[in-house]
Amino acid sequence: MPITEKELSWIEDQLTLEQLLISKYRNAAQNVNDSKIQSKLIEIAAKHENHYNTLLSHLN
């Protein structure tokens, strides 16, 4: 079943949001001194990267 224009638009919006979240969490991880917090921020960034890749796979 092909993706509708509305679904495509939603996926593109979500891809943009996921990219923003990845960037923000990676940046925060680089600017924190606590290693536990830094690890958690990197973990969260990785989850958003996974979300991004999953969404992107629907376009291919």
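Helices H1 (residues 5-30) and H2 (residues 35-57) pack at an angle of about 160°, with their axes 8 Å apart. They are therefore roughly antiparallel to each other, a label for angles over 145 degrees. Here, helices are DSSP runs (H or I) of at least four residues, numbered from the N terminus. Axes are lines fitted to C-alpha atoms over the stretch in contact, and angles run from 0 to 180 degrees between N-to-C directions.

A quick note on the source: this is a predicted model, where local features need pLDDT of at least 70, side-chain atom pairs count only at pLDDT 80 or more, and totals for chains, interfaces and linings use all residues. Residues are numbered from 1 along each chain as its sequence is written, and side-chain values use heavy atoms, leaving out hydrogens and water.

Now find Glu18, which sits in H1. Glu18 touches His48, His51, Tyr52 and Leu55, not counting residues up to four places away in sequence (contact means heavy atoms within 4.5 Å). Glu18 is buried yet has no salt bridge. Buried means under 20% relative accessible area, exposed over 50%, and partly exposed in between, using a 1.4 Å probe and protein chains only. A salt bridge needs a side-chain nitrogen of Lys or Arg within 4 Å of a carboxyl oxygen of Asp or Glu.

Arg26, by contrast, does pair up: its side chain meets that of Glu49 in a salt bridge (2.6 Å, N to O). Arg26 lies in H1 and Glu49 in H2, so the pair ties together parts that are 23 residues apart in sequence.

Salt bridges with shared partners join Lys40, Glu43 and Lys47 into one network.

Note on methods. Helix = DSSP H or I, 4+ residues; strand = E, 2+ residues; numbered from the N terminus. Lys, Arg positive; Asp, Glu negative; His and termini not counted. Parallel < 35°, antiparallel > 145°, perpendicular 65-115°, else oblique.
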